[in-house]
Amino acid sequence: LKTIASNFQLATERIAAERETKHQLVQKTALLKEVHHRTKNNIVAIESLLFLQIQKCTDEPAVEILHDAINRVKSMRSLYEHLLVSDDFSNILVKDYVTSLIEKVSLFILDPARIDIRFQIDEFSLDSKRVFSLGIIINELLTNAAKYAFNGLATGNVFIQIVQQADKIIVSVHDDGVGLPHDFSIEKSKGSGLMLVNMLTQELKGELYIDRPDSTPGTRVIIKFPIGL
């Protein structure tokens with residue numbers, strides 16, 4: 001009887017501990033969502049302040065820089081909106097997030113009557129930190145294509161491909177525009193876009209390639225990084 005009573009007490013204590021653990025987990029999840037919600041609101045406030053600054057600014061280069069900053073902020077906001085409806089912050093569906101990001105960002109930086117954007121994205125998940133970096137990379141490459149790839153051209157296309165091959169993620173952004181100069185290098189680039197892409201690629205422990213194919217027009221940027229940490 002003593003053994004039965006002891007086992008019953010242990011089982012009761014274990015059930016109570018499991019309930020308390022689940023309760024704490026629910027509380028922490030709710031708190032984390034609240035933090036993301038507040039962060040998203042702060043990002044919206046920053047975005048509004050940048051818009052106000054643009055309205056007061058008369059210097060064209062400064063206005064362009066502010067627009068680039070706003071697009072980066074929009075990319076961040078898109079991630080936090082995605083996190084708010086996610087139940088698992090360590091596994092974000094890349095296809096859902098990047099598709100939503102492309103649709104939102106393209107409204108601000110691409111002329112749909114002039115530039116067509118297409119994409120192919122595999123079904124896989126990444127943690128929120130790497131998804132965030134990936135989102136900024138896509139934003140920067142789309143911005144660069146919109147600003148420089150089709151100068152002097154009536155129309156153009158941008159192709160985005162994100163695929164999983166074995167233990168690596170391969171990101172390809174290819175436009176059929178005017179292409180880069182043959183002596184181009186990221187180190188000599190005056191813009192901050194590709195420098196930021198290169199920095200984020202290094203944070204992902206990946207490799208960055210810029211391809212100027214002879215058989216097809218335009219430029220292809222390829223990024224490879226491991227799927228595991």
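1. The crossing of α4 and α5 is left-handed. This comes from a predicted model. Helix α4 covers residues 128-149 and helix α5 covers residues 193-203. Their axes come within 9 Å and cross at roughly 155 degrees. Because angles over 145 degrees count as roughly antiparallel, α4 is roughly antiparallel to α5.

2. Which residues of α4 meet α5? On the α4 side they are Ser-133, Ile-136, Ile-137, Glu-140, Leu-141 and Asn-144. On the α5 side they are Gly-193, Leu-194, Leu-196, Val-197, Leu-200, Thr-201 and Glu-203. Sorted by type, the residues of this contact are seven nonpolar, four polar and two charged.

3. An α-helix has 3.6 residues a turn, so residues three or four places apart point the same way.

4. Helix α3 runs over residues 94-109, which makes 16 residues. At 1.5 Å a residue it should span 22 Å, and its end C-alpha atoms are 21 Å apart, so the two values agree.

5. Which residues of α3 are buried? They are Val-94, Tyr-97, Val-98, Thr-99, Leu-101, Ile-102, Val-105, Ser-106 and Ile-109.

6. Asn-139 is part of helix α4. Is Asn-139 buried or exposed? Its relative accessible area is 1%; buried means under 20%, so Asn-139 is buried. Leaving aside residues up to four places away in sequence, Asn-139 touches Asn-71, Arg-72, Ser-75 and Val-105. Of these, Val-105 is also one of the buried residues of α3.

Conventions: Residues numbered from 1 in each chain as written. Predicted model: local features only at pLDDT ≥ 70, side-chain atom pairs only at ≥ 80, totals over all residues. Heavy atoms only, no water. Axes fitted to C-alpha atoms, helices over the stretch in contact; angles between N-to-C directions. Helix = DSSP H or I, 4+ residues; strand = E, 2+ residues; numbered from the N terminus. Parallel < 35°, antiparallel > 145°, perpendicular 65-115°, else oblique. Left-handed = near helix turned anticlockwise from the far one by under 90°. Contact = heavy atoms within 4.5 Å. Nonpolar A, V, L, I, M, F, W, Y, C, P; charged D, E, K, R; others polar. Expected span 1.5 Å × (residues − 1). Buried < 20%, exposed > 50% of the residue type's maximum accessible area, 1.4 Å probe, protein only.
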